[in-house]
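I opened the model and kept notes as I went.

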Amino acid sequence: MPKITHILFDCDNTLVLSEELAFEACAELANEILAKNSISHRYTGPELMNEFVGQNFRGVVVNLQKKFGFPLNPDELESYVGQEENRVIATLVKKAQPCVGVNEQLDKLATEDKYGLAVVSSSALRRVQASIKKVDQDKYFPADHVFSAATSLPVPTTKPDPAIYLHACKVIGKEPGECVAVEDSRSGTLSAVRAKIPVIAYVGSYEGSTKQKEMAALLTDTGAQVVMDDWSQFFDRLAEIEKS
């Protein structure tokens, strides 16, 4: 196995406790879209998150179109994507918190200066930047090493498409095998696996041991090499991958 030189972090519920906050805002707008298209189904934030966790709002809307069979023209889709981004950012700037224990590990990584660090997210770049700035994590990541599947690519996409991971590797000048990804969702894990990047699955943001065990099994089945339920386990899990 090549020497690991870079750690690629997902943002939402891996670095920043943002998914629940974001999906509350997403659900409100998703329900407005459904109502406008005469569809009676309505989502709560947790329901929408359970169905679409790891995807950006563009991906959510496209999948809602497939599920409920309603059309949107490209301009309408872009308008909704912009509305959702603004609503979510306003919420995150007020309420976002770091995932428990992650900042201590980022401090250690920065002090050791052994690995390059990057953020690789499905979410819009403005949202990712606002999230990591709110929780004082922006100092750990070079501005040009924060990547968004919604914003950084010529054609916007979302995880599980591996395009954003492949793009990040190209920009930082590393082969996928020289990197490790840290992911909390199936779509994110699958994105990294498809890009041939080893994955540390993080399940500590899920509520309760039963859900954490369920997600650990799911992410392992999806291709994650190792699992951690607490950020204090990060360096041990990284060492496991490096020895494999």
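**Entry 1**

I am working with a predicted model. I started with the strand order. The six strands of an open sheet run β5-β4-β1-β6-β7-β8, paired in parallel.

**Entry 1: strand β1 and its partners**

I went along β1 (residues 6–9) next. His-6 and Leu-8 point one way, Ile-7 and Phe-9 point the other way, and all are buried. On pairing, I found four bridges from β1 to β4 (residues 116–121), running parallel. Leu-8 stands opposite Ala-118 there. Four bridges also join β1 to β6 (residues 179–183), again in parallel. Here Ile-7 has Val-180 as its bridge partner.

I followed β6 onward. Three bridges connect it to β7, and the two strands run parallel. Val-182 stands opposite Ile-200 in β7. Then I checked α10 against the sheet. This helix packs on the sheet and touches β1, β6, β7 and β8. The direction of α10 makes about 180 degrees with that of β8.

**Entry 2: aromatic rings**

How many aromatic pairs does the structure hold? I noted seven. I took Tyr-202 and Trp-231 as my example. Their ring centres are 5.3 Å apart and their planes stand at 40 degrees, so I logged the pair as tilted. Tyr-202 sits in β7 (residues 199–202), while Trp-231 sits in the loop between β8 (226–228) and α10 (234–243), so the pair ties together parts 29 residues apart in sequence.

Are these two residues buried or exposed? Tyr-202 has 3% relative accessibility, so it counts as buried. Trp-231 is buried too, at 1%.

Phe-234 is buried, with a relative accessible area of 0%. Phe-235 is partly exposed, at 23%.

I then traced how the rings connect. Ring pairs link Phe-9, Phe-141, Tyr-202, Trp-231, Phe-234 and Phe-235 into a cluster.

**Entry 3: Glu-84**

I looked at Glu-84 in helix α4 (residues 74–95). I wanted to know its burial. At 7% relative accessibility, Glu-84 falls under the 20% cut-off, so it counts as buried. What does Glu-84 contact, leaving aside its neighbours within four places in sequence? I listed Cys-26, Leu-29, Phe-57 and Arg-127.

**Entry 4: Ser-18**

Ser-18 is buried, with a relative accessible area of 0%. Leaving aside neighbours within four places in sequence, Ser-18 is in contact with Asp-12, Asn-13 and Leu-92. I also took one C-alpha separation. Ser-18 and Gln-97 are 79 residues apart along the chain, and their C-alpha atoms are separated by 7.4 Å.

Key:
Residues numbered from 1 in each chain as written. Predicted model: local features only at pLDDT ≥ 70, side-chain atom pairs only at ≥ 80, totals over all residues. Heavy atoms only, no water. Phe/Tyr/Trp six-rings, centres within 6.5 Å; stacked < 30°, edge-to-face > 60°. Buried < 20%, exposed > 50% of the residue type's maximum accessible area, 1.4 Å probe, protein only. Pairing = 2+ DSSP bridges. Contact = heavy atoms within 4.5 Å. Axes fitted to C-alpha atoms, helices over the stretch in contact; angles between N-to-C directions.
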